[in-house]
Amino acid sequence: MDKPVKKKPLVACPTCSKEQEWSSDNPFRPFCSERCKMIDLGAWASEEYQIPAEPSVDDYSSSFEDSESADYLDRPLH
């Protein structure tokens, strides 16, 4: 008996939604092409995508609130 040929799964390109086989032969995966990969990279670079996060206290502003750091506020910078 012949072994059944296992088909590679089809995935949609995150940029253009074109379906393609998931293959290690595609250097741009999960994208279908270099063009789609660069479009996605440009969207991240221009901050079109954002990961939601809880607001956090800025590390620099909180460092002056403790008693040890307060001593440094009265010292000259030179």
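## A surface patch and a buried serine

Let's start on the outside: Trp44, Tyr49 and Ile51 together make a nonpolar surface patch, with about 350 Å² of accessible area between them. Keep in mind that this is a predicted model.

Where do the members of this patch sit? Trp44 is part of helix H1. Tyr49, on the other hand, is in the loop that links helix H1 (34–45) to helix H2 (59–62). Setting aside residues up to four places away in sequence, Trp44 touches both Tyr49 and Ile51.

Two of these residues also meet ring to ring. The structure has one aromatic pair. Its rings belong to Trp44 and Tyr49, with centres 5.0 Å apart and planes at 70°, so the pair is edge-to-face. Those are the two values to look for, as a pair of aromatic rings is described by the distance of the centres and the angle of the planes. An angle over 60 degrees is what counts as edge-to-face.

Now for a residue elsewhere in the chain. Ser23 lies in the loop between strand S2 (19–21) and H1. Is Ser23 buried or exposed? Ser23 is buried, because its relative accessible area is 11% and buried means under 20%. A polar atom of the Ser23 side chain is 3.0 Å from the backbone nitrogen of Asp25. Beyond its neighbours within four places in sequence, Ser23 is in contact with Lys8 and Arg29.

| Residue | Relative accessible area | Class |
|---|---|---|
| Trp44 | 43% | partly exposed |
| Tyr49 | 37% | partly exposed |
| Ser23 | 11% | buried |

Time to zoom out to the chain as a whole. The protein chain has three helices and two strands. Read from the N terminus, their order is β-β-α-α-α. That puts Ser23 in the loop between S2 and H1, and Tyr49 in the loop between H1 and H2.

How much of the chain counts as buried? Of its 78 residues, 12% do, and Ser23 is buried too. The protein chain has an accessible surface of about 7,600 Å², and carbon and sulfur atoms make up 54% of that.

Key:
Residues numbered from 1 in each chain as written. Predicted model: local features only at pLDDT ≥ 70, side-chain atom pairs only at ≥ 80, totals over all residues. Heavy atoms only, no water. Patch = residues over 30% accessible without salt bridge, like charges linked within 9 Å, V, L, I, M, F, W, Y side chains within 5 Å. Areas by Shrake-Rupley, 256 points an atom, 1.4 Å probe, with all protein chains shown as cover. Salt bridge = Lys/Arg side-chain N within 4 Å of Asp/Glu carboxyl O. Helix = DSSP H or I, 4+ residues; strand = E, 2+ residues; numbered from the N terminus. Buried < 20%, exposed > 50% of the residue type's maximum accessible area, 1.4 Å probe, protein only. Contact = heavy atoms within 4.5 Å. Phe/Tyr/Trp six-rings, centres within 6.5 Å; stacked < 30°, edge-to-face > 60°. Polar contact = N/O pair within 3.5 Å; in protein donor to acceptor, adjacent residues only side chain to side chain.
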